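Subject: Structure handover

Hello,

Here is the structure you will be taking over. My notes on it follow below.

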Amino acid sequence: MFAILAAIGVMFGLSLARVPVVFALVIGAVTGGLLAGLGLQGTLDAFNNGLGGGAKIALAYGILGAFALALARSGLPDLLAYKMISTLKGEADFKAQNRVKYLIFFTVAIAAVFSQNVIPVHIAFIPVLIPPLLIVFNHLQLDRRLVACLLTFGLVATYMLIPVGFGAIFLNDILGHNINTFGKPYGFEITYDQIPSAMVIPVIGMLVGLLIAIFFSYRKPRLYKDIHVEEQQSISAELGVEQNLKPEISKFTIWMAGLAVVATLAVQLYSDSMILAGLVGVAILSCAGIFKWKEADDVIITGMRMMALVGFIMIAAQGFAAVIEATNQVPALVEASVNWIGDSQALAAFLMLLIGLLITLGIGSSFSTVPILAIIYVPLCIQFGFSPAATIAIIGTAAALGDAGSPASDSTLGPTSGLNMDGQHDHMKDSVIPTFIHFNIPLMIFGWIAAMVL
């Protein structure tokens, strides 16, 4: 079992050292394969054979990226951001500061939630919505660490619970598929409708962490300077800034963009395929003339490029998992773990969650972590007698752990990109540490509870 531990250790260490994750996965896989006696060619063959398992997920991500960019060309996200900003501007009388603050909290959180399923643009909405609100945040003395927590909660909790959009990719295509793939040799199988209910308790943990951030950790005023940002739009004459200009979008464009969103959701729910759903959305926007036909190639390629890195990481993660499986050392590792832990389900669940936290912190993507964890965790969960629901909760939570608190995660990099537009929001101190404390610790606790009660 030393080869598996060495492969994971090398991959994790290189990821923490800021080596590109794809390279870390390849080097880790080669290390494990050589130590297991597969030889270089055998290791590469196993790695290459596993790559196909991530192709569907990577293509779905790329299609969603193309749809997100095509939708952005319609101006619908800008119009929605303008409406939200205008509402907050109209409410910006300081006689009702608490009302305004909670309206901002709701607006930011709901925008993050919708970005994962209703309008699946992922973190692309943040540079549109957040920079114009910075001056409002400043005058209300909002702590931007709280805004970072709100954004990260919407980004992460949504895909952990709701099987639509990016949630469909994580819960069904990645989590459910890998559990069934690695559980098949043991006669272990889950149904996809079991997954959301199994993830409710861990998501409740994130909600508890968010409420602590809102009402305790960051409720005190925090002072920031009003620094003009070239890229941001103005929002309020009352605050001494030019009036924000409403995006000029025709009613036909708005209707067609709305139709594309609805059609994408409907097709995804009907066919359970984000690839087909994304293609339908792009086709509607293209036929409606949202972008010129001669620009279609550029729009689609640029959009897919937005998601390319995550896609390549997920493909490489499947190759890594295939090498681990080819070593034939998983049963020995499981047996050694059971002998070391004993009969304690509680200790087993805690250790699996802790290892998941460490691995995801290094990789920075919960989506890419599942194949690495599932190949070892599925037989472990079976050996310790965990139920299918508990197995889902352990692996799903172990993968999501660290996504919220990883320096390399989209869920922390995205909020920082918007909140630091004026240079007053540090990525580590104001995004990574707050989200780690308020989400990863509750996820550990509530993920462990889910493993014990489900």
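T397 sits in helix α19, which spans residues 388–400; helices here are DSSP runs of H or I with at least four residues, numbered from the N terminus. This is a predicted model, in which local features need pLDDT of at least 70 and side-chain atom pairs count only at pLDDT 80 or more, while totals for chains, interfaces and linings use all residues. Residues are numbered from 1 along each chain as its sequence is written, and side-chain values use heavy atoms, with hydrogens and water left out.

T397 counts as buried because its relative accessibility is 0% (buried is under 20% relative accessible area, exposed over 50%, partly exposed in between, with a 1.4 Å probe and protein chains only). A polar atom of the T397 side chain lies 2.6 Å from the backbone oxygen of A393. Leaving aside residues up to four places away in sequence, T397 touches M199, P202, L353, I392, L443 and G447, where contact means heavy atoms within 4.5 Å.

T152 is in helix α9 (residues 144–161). With 1% relative accessibility, T152 is also counted as buried. Its contacts, again without residues up to four places away in sequence, are A157, A404, S411, P415, T435 and F439.

Next, the aromatic rings. The whole structure holds 4 aromatic pairs (rings of Phe, Tyr and Trp, the last by its six-membered ring, with centres within 6.5 Å; planes under 30 degrees apart are stacked, over 60 edge-to-face, the rest tilted). One of them joins Y102 and F215, a tilted pair at 6.2 Å centre to centre with 35 degrees between the planes. This pair links distant parts of the chain, since Y102 belongs to helix α6 (residues 97–114) and F215 to helix α12 (residues 200–217), 113 residues apart. Y102 is partly exposed at a relative accessible area of 42%, and F215 is partly exposed at 40%. Another tilted pair is F153 with F439, at 6.2 Å centre to centre and 35 degrees between the planes. F153 lies in helix α9 and F439 in helix α21 (residues 427–453), so this pair ties together parts 286 residues apart in sequence. Both F153 and F439 are buried. Separately, Y102, F105 and F215 make up one aromatic cluster.

Regards

Note on methods. Helices (H or I, at least four residues) and strands (E, at least two) are DSSP runs, numbered from the N terminus. A polar contact is a pair of N or O atoms within 3.5 Å; within protein, one must be able to donate a hydrogen and the other to accept it, and residues adjacent in sequence count only if both atoms are side-chain atoms.
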